[in-house]
Amino acid sequence: FYLTPPQVNSILKANEYSFKVPEFDGKNVSSVLGFDSNQLPANAPIEDRRSAATCLQTRGMLLGVFDGHAGCACAQAVSERLFYYIAVSLLPHETLLEIENAVENGRALLPILQWHKHPNDYFSKEASKLYFNSLRTYWQELIDLNSGETTDVREALINAFKRLDNDISLEAQVGDPNSFLNYLVLQVAFSGSTACVAHVDGVDLHIANTGDSRAMLGVQEEDGSWSAVNLSYDHNAQNEHEVERVKMEHPKSEEKNLVKQDRLLGLLMPFRAFGDVKFKWSIELQKRVVESGPDQLNDNEYTKFIPPNYHTPPYLTAEPEVIHHKLRPQDKFLVLATDGLWETMHRQDVARIVGEYLTGVHHQQPIAVGGYKVTLGQMHGLLTERRARISSVFEDQNAATHLIRHAVGNNEFGTVDHERLSKMLSLPEELARMYRDDITIIVVQFNSHVIGAY
Amino acid sequence: AARMFLRLLSDIQWRAAHPKWRRMTSSQRSTSTAAEPHPVSLPAQAQVVICGGGIMGTSVAYHLSKMGWKDIVLLEQGRLAAGTTRFCAGIVSTARPVSIERKMAHYSNKLYQQLEQETGVQTGYTKTGSISLAQTQDRLISLKRIASSLNVMGIPCEIISPKKVLQLHPLINIHDLVGAMHVPEDALVSSANVSLALATAASRNGVQIHERTSVSHVTIQKGRVTGVETDRGRIQCEYFVNCAGQWAYELGHSGEEPVHIPVHACEHFYLLTHPLQEPLSSNLPTVVDPDGRIYIRNWQGGILSGGFEKNPKPLFTEGRNQLEIQNLQEDWDHFGPLLSALLRRMPGLEALQIMQLVNCPESFTPDMRCIMGESPTARGYFVLAGMNSAGLSYGGGAGKYLAEWIVNGYPSENVWPLDLKRFGTLQSSRTFLRHRVMEVMPLMCDLKVPRWDFQTGRQLRTSPLYDRLDAQGARWMEKHGFERVKYFVPPGSDLLDLDHSKTFYKPDWFDIVGSEVKCCKEAVCVIDMSSFTKFEISSTGDQALESLQYLFSNDLDVPVGHVVHTGMLNEKGGYENDCSIARLSKRSFFMISPTDQQVHCWAWLKNRLPDDNNLVLEDVTWKYTALNLIGPRAVDVLSELSYAPMTAEHFPSLFCKEMSVGYANGIRVMSITHTGEPGFVLYIPIEYALHVYNEVMNMGQKYGIRNAGYYALRSLRIEKFFAFWGQDLDAFTTPMECGREFQVKLDKGIEFLGQEVLLEQKQNGVYKRFTMFILEDHDTDMDLWPWWGEPIFRNGRYVGKTTSSAYSYTLERHVCLGFVHHFDEETGEELVVTTDFINQGEYEIDIAGQRFQAKAKLYPFSSLFTQRRRKDEVELSGYQRE
């Protein structure tokens, strides 16, 4: 069984999406030129989600990737809701009042976000009312709390993350008269999701990260080469600070049981996440909710299962770690991606592949014969291989697609091997998850001219 | 590695051989690299200053000094024989497509061969021969055309089979070849050493050579060169020769009055290898594989191979900049396709070890031909540059012609195809040049079929009717930047098909042009001929008439309103221009010349008209749109539009009158058509162009009017034996030689340029004769079509070449025009060509090696055409013109 190059392309390109920031008067005044995003599923259905939106009442753009686990419900909910929470957190008092008044009086609401969505990125219609009410409660509280201070982006991000997770938890505890919605909010709460979100406003780049997705900045050095700068820390067992944090939050007696086999309580890979109430609620609460919940929930072995050594919940938080970075002209792009990418590619390679793709120049080291003994035949082989590498660049109109092609198809020489690509993409559903994870990538391209002018 | 290579390619022996010159420059030059003191100061003045110490500059110096001029200074900004000359691949090849280029290469080859003996400088000259390979039948045809031309020049040349190729060069893979051309006398030589040898000889003849001296600009006063400013002071001079290669454009623009030299550099790569295990013989022929875009020569037991890629890298667009030629990078990825072609051609070289990839920029010109001659704006400012990577092949011949030009005022051959004055300022746009050379460089290897056009730098000069004509299916070609219609594709034709077929055989537009010709013969056609050069010459008194009478051979003292066809002849009676001049009033004239005359004719007149404020010469080309109404019904269309009688009594042939056409008044109407057919040319002030065109087309409808293009015009004029300047006529052709004695008034009472020669020819006869040939056994559908440049054989002996050809739809035969010479059978001496000599021969035309019988005629088929016309007249309601 063998996929032809066009078949491979149609699989790779099925979920690709590109957005270019519109130009005004022939000029793009934003520090963001646009972004490319794409997803390649390994799970069926895919558990990753992605979001991108422009804030309409404040400046800035939001982009995020969400890696769901134990189903996709939580990731879906977070991908729909988180940006509203962030946007609301950033709104000045007057705007909040204006919005509240509009809702109160049944007037048209000021739009808060302009979404940039692939047709496959859906929003749940049924839950929108429920979600809206929770959000409204949030901004009403913000209005009441009016501190009079200008909103700090870092704080807004942290508040938004925590508040959304709190709302997810609350909605599951309260339940809903509508049985469908009731089941939905429980699914959302019992599944989990990481989130890696970027907020770009001018030269101010904030990354809020919860879990093990990653944000990476692509920097072009003076000599034209590419290097990678991490803008997030993975929240998992490989991160000593995270392990330390978890240990600090629980009694010494639990220490040896907290992290087992690189997993939280021996079960969960990310050390921070949305949802996952099994790691947050007390045993009593879990039992009560499951028992009073719908039958589907009761029959589910996973939801009924209580993690071992579960003494002092919560063990898990959705609070993000926020990194602020002032963009410089040499910062050319940002890659947000779920761990499916980072498992297969080193960030340095990601920086190089995307950088070369975006600049259109295949910045391969020029070949110099120098004092080496090279034959015409050897040189010919080398050049043919380099040409093949370049031609793969031109196949893709989307940097994220290009990156996925490399992530899945790269051979040991760092070039895309069509045969390998074909094999990896034609794996049957049940096997795919063993060879690769869902991959979701957003590549944001920065506008160096605008950044340089700041 | 680079250093070693340089030493290998150009041995330094010349220095030891020339103590005199060494003293003149520096005694420590070989050891010191820092700024050296200049032991010899520059002279304050010299007759000639040459800028550039490459092969061009040294060749000009060599030939000038050979011709007896001694007061010459050659300035080189770095070292002699540097730049492109140093990096040149060293191939001397006579297999060139253009006749004058073949002549230059042939001369160069002979010159280089004896240079070592003459100067004592080792040049490494080796006669290896060259093989040009054909992978396709079309390529083979183009090689056969070149072979025919080389053979009649006396250059041995043979079309050979792939098997024979293998015998000549055992490494060549012949499986994809259909044939090849072998030129056994082509050679290899070190171009740097050739340049040094030429410099040595020139220096011995008294030429002063100064290295490390750069010219900042040339001073020009009152249109004449007066001197040169250098970083070491000023030299007064009468003549300046710009041989600055890549920097010729910049140097031309450095002065207050720019001299436009349209050259642009592109990177050029070639590969050097270590020797083969069994080193290649230095006699192994050079291989040119144009379909693979590469050339391969033996080099130091290994090979040197370069090529002309499809995607060239232009450089120095912004002028001389940070990049020095020596610092250019090797670009293997860029060279990849050429390496593939090399290994395909010589698979046995896989294991051969690479020594170096050399990046050697070459300068290219807008039309693939080199640039020589005098600036149209600055007398005494000469140029030799833009060699399109064949500098070594042309160097000797080009230097010779330019030296002759400087010394005698004209070169010994027709170099119009290379003349700087074929370009105007428009070709000097850097954007134009950058785009055009990117097209030109790949063209070096592309197959050139008849009537190919450049694709870049188009739609620059257009008629105001361009869009109208384009919308009606016009297909365009370009001349001197001006878009001209070739023919009109009727609606419904397969456009794509038409645009993409390129052939040496019957072209796909055959029937389209045929119907346009038919319409010209039977009804009326409109051809937009706005591109023609138009001058007005007027004066307060008789100055205009007097000057023109001296500059033109026909009698211009005709009644007002008459049009005169006349040659603008040089001292040797040759055509510098062929034009139609209308006498607008007693004191003003309107002059129509070919499109590419705009710069040349202007310079010729400017240099020869008296410096008189009361005599005004104006270029009005841009002011008028010219519509040529050809055909028997043109008269009806015009008289209906003007309410003026246009019949022969009122508007005789060769007449000019301002009249109204439609609402537009002041339209200059002339009863000429440039084809021999009846009709008129309308010179329309451009703002009326669209109106008049619309009126003509509307009114013409009932007479069957249609648009036509230049291909129809060409067919008509060639079957009528009309010579065109630039194709048939040149500075080496006199009216006597092309049967135009009637356009010369030897007895007009005023001495005119060229008169003496014409008188002499009238008495003693001419040495060549313009002749019309009708191909007899040529099958239009199946046989190769003639183009131009085909050898003419009389009784089996070569007597000349064709200059243009076309299919005559009237005769239903191909017609070739060309010149017949009479070479003495024993001595080869040129003898007088008599009418009997022409008429009493059996003729054959050689098209790519195949000979076709041809009937020679000295006069057009008037009877045949008249007969047809009579027949037509019956049908077309008694039109009468003559």
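**Notebook: chains A and B, a predicted model**

I began with A:Pro45, which lies in the loop between strand E2 (32-40) and strand E3 (48-55) of chain A. Strands (E, at least two residues) and helices (H or I, at least four) are DSSP runs, numbered from the N terminus. The peptide bond that joins A:Ala44 and A:Pro45 is cis, with omega about -5 degrees.

I noted the ground rules. This is a predicted model, in which local features need pLDDT of at least 70 and side-chain atom pairs count only at pLDDT 80 or more, while totals for chains, interfaces and linings use all residues. Residues are numbered from 1 along each chain as its sequence is written, chains are lettered from A in the order in which they are written, and side-chain values use heavy atoms, with hydrogens and water left out.

**Other backbone entries**

I found another cis peptide bond from A:Pro313 to A:Pro314, with omega near 0 degrees. A:Pro314 sits in the loop between helix H11 (301-304) and strand E14 (321-326) of chain A. In chain B I looked at B:Gln300, which has a positive phi of about 50 degrees although it is not a glycine. Its loop runs between strand E16 (294-299) and strand E17 (302-307) of chain B.

**A salt bridge**

I checked A:Glu242 and A:Arg245, whose side chains meet in a salt bridge at 2.7 Å, N to O. The term means a side-chain nitrogen of Lys or Arg within 4 Å of a carboxyl oxygen of Asp or Glu. Why are A:Glu242 and A:Arg245 separated by about one helical turn? They are three residues apart in helix H7 (residues 240-248) of chain A.

**Where the chains meet**

I looked up the contacts (heavy atoms within 4.5 Å). 15 residues of chain A are in contact with 17 residues of chain B. The two chains bury about 1,400 Å² between them, 61% of it on carbon and sulfur atoms. Buried area is the accessible area (1.4 Å probe) that two parts lose on being put together, summed over both. A:Leu376, A:His380 and A:Leu383 supply 41% of the area that chain A buries against chain B, more than any other three residues. How many salt bridges are there between chain A and chain B? The count is zero.

**Confidence**

I read the pLDDT, the predictor's confidence in each residue, from 0 to 100. Chain B has a mean of 89, and 91% of its residues reach 70 or more. Over residues 1-36 of chain B the pLDDT is below 50. It also stays under 50 over residues 866-882 of chain B. Where pLDDT is low, the predicted coordinates should not be read in detail. The model scores ipTM 0.83 and pTM 0.73.
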